[in-house]
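Student: Let's take the labels one at a time. For each, I want the cut-off, the value and the conclusion.

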Amino acid sequence: MSGVMKRMGMIFRAKANKALDRAEDPRETLDYSYQKQLELLQKVRRGVADVATSRKRLELQLNQLQSQSTKLEDQGRKALALGREDLAREALSRRAALQQQVTDLETQHSTLQGEEEKLTLAAQRLQAKVDAFRTKKETIKATYTAAQAQTRIGEAFTGISEEMGDVGLAIQRAEDKTQQLQARAGAIDELLASGALDDPTGTAKDDLQAELDRISGGTDVELELQRMKAELAGGSPQQAIEGGAGQGQSQQQPQDTPRFDKQ
């Protein structure tokens, strides 16, 4: 049972992968990747700004502590000048505590400054990679679009594209229907000529009329032939036609006339 489930899972994943491959557009994928890189670059820049803000805040605190330290030193010097050694000692003690805070803040400031430099360098490198990717992305997209257009043109010329295939099938169906109609019309004409079908309009010709039309057409051809012979021989076309007509009548008369004996 587990083997069947594994096989079904593999088939499902294969079909899903094939469907995704058909639906995937490389240009959309490249644009999405570029967008994610821009988002990452924006996060790095925000990180640089946050570190720079923290560094600036430490600098302000350092300036305040140094100002207080300088003030306490002056106060201790004045107290000592007035003979107040106890006040001078207290001022110097406070100054020493502030100096320890200044030392700690300077250490933090140095660390933040190093992190800021690293993030700034990383942001610059990432910016360069994003710019290079954008150029490559546009090149790949243009090449893919050109190849896609060239493929569609080739398929259209060869008739293997889906659209042109539908057009070809429509043309083939139209030709088949036209041939079928032509064959049906020819068959009906033959049936009317043979008398197998009756023409309700009365325009169909029977066998006798067809024979008369054939004889008439043959006579016209013979007359035209005699006229052309007379022109070539230098004679009168009218004489040639009359001679040809006489010959035709003599040929049509019977050779032997039957005789009837009287009883």
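Tutor: Start with burial. Buried means under 20% relative accessible area, exposed means over 50%, and partly exposed is in between, with a 1.4 Å probe and protein chains only. This is a predicted model, so local features need pLDDT of at least 70 and side-chain atom pairs pLDDT 80 or more, while totals for chains, interfaces and linings use all residues. Residues are numbered from 1 along each chain as its sequence is written, and side-chain values use heavy atoms, leaving out hydrogens and water.

Student: Why does Tyr34 count as buried?

Tutor: Tyr34 has 14% relative accessibility. The limit for buried is under 20%. Therefore Tyr34 counts as buried.

Student: And what makes His109 buried?

Tutor: The relative accessible area of His109 is 13%, so the label is buried. His109 lies in helix α3. Leaving aside neighbours within four places in sequence, His109 is in contact with Arg55, Leu58, Glu59 and Leu62. Contact here means heavy atoms within 4.5 Å.

Student: Why is Met8 called exposed?

Tutor: Met8 reaches 51% relative accessibility. Exposed starts over 50%. So Met8 counts as exposed. Its place is in helix α1, residues 2–23.

Student: What makes up the nonpolar patch on the surface that includes Met8?

Tutor: Val4, Met5 and Met8 form it, with about 300 Å² of accessible area together. Patch residues have over 30% relative accessible area and no salt bridge; like charges are joined within 9 Å, and nonpolar side chains (Val, Leu, Ile, Met, Phe, Trp, Tyr) within 5 Å. At 51%, Met8 is therefore above the 30% limit.

Student: How many helices and strands does the chain have?

Tutor: Six helices and zero strands. Along the sequence the pattern reads α-α-α-α-α-α. Helices (H or I, at least four residues) and strands (E, at least two) are DSSP runs, numbered from the N terminus.

Student: What share of the chain counts as buried?

Tutor: 13% of the 263 residues. The accessible surface of the chain comes to about 21,300 Å², and 55% of that belongs to carbon and sulfur atoms. Those areas come from the Shrake-Rupley method with a 1.4 Å probe; for residues, only the protein chains shown count as cover.

Student: Which residues make up the largest nonpolar core?

Tutor: Seven: Leu58, Leu62, Leu65, Leu72, Leu98, Val102 and Leu105. The elements giving two or more residues are α2 (26–81) and α3 (85–158). Helix α2 gives the most, with four residues. Another core lies apart from this one, with six residues, among them Tyr34, Leu41, Val44 and Ala123. A nonpolar core is a set of buried Ala, Val, Leu, Ile, Met, Phe, Trp, Tyr and Cys residues joined through side-chain atoms within 4.5 Å.

Student: How many aromatic pairs are counted?

Tutor: One. The ring centres of Tyr34 and Phe133 are 6.4 Å apart and the planes are at 15 degrees, so the pair is stacked. Tyr34 lies in helix α2 and Phe133 in helix α3, so parts 99 residues apart in sequence are tied together. The rule: rings of Phe, Tyr and Trp (its six-membered ring) pair if their centres lie within 6.5 Å; planes under 30 degrees apart are stacked, over 60 edge-to-face, and the rest tilted.

Student: What makes Lys141 and Asp31 a salt bridge?

Tutor: Their side chains meet at 3.1 Å, N to O. Lys141 is in helix α3 and Asp31 in helix α2, so the pair ties together parts 110 residues apart in sequence. A salt bridge needs a side-chain nitrogen of Lys or Arg within 4 Å of a carboxyl oxygen of Asp or Glu. By this rule the count comes to 17 salt bridges.

Student: Are the two partners buried, partly exposed or exposed?

Tutor: Lys141 is buried at 18%. Asp31 has 31%, so Asp31 is partly exposed.

Student: What separates Glu39 and Lys36 in helix α2?

Tutor: About one helical turn, because they are three residues apart. The closest N and O atoms of this salt bridge are 3.3 Å apart. Glu39, at 36%, is partly exposed, and so is Lys36, at 38%.

Student: Where do Arg95 and Glu73 lie?

Tutor: Arg95 and Glu73 form a salt bridge, with the closest N and O atoms 3.5 Å apart. Arg95 is in helix α3 and Glu73 in helix α2, 22 residues apart. Elsewhere, salt bridges that share partners join Asp31, Lys137, Glu138 and Lys141 into one network.
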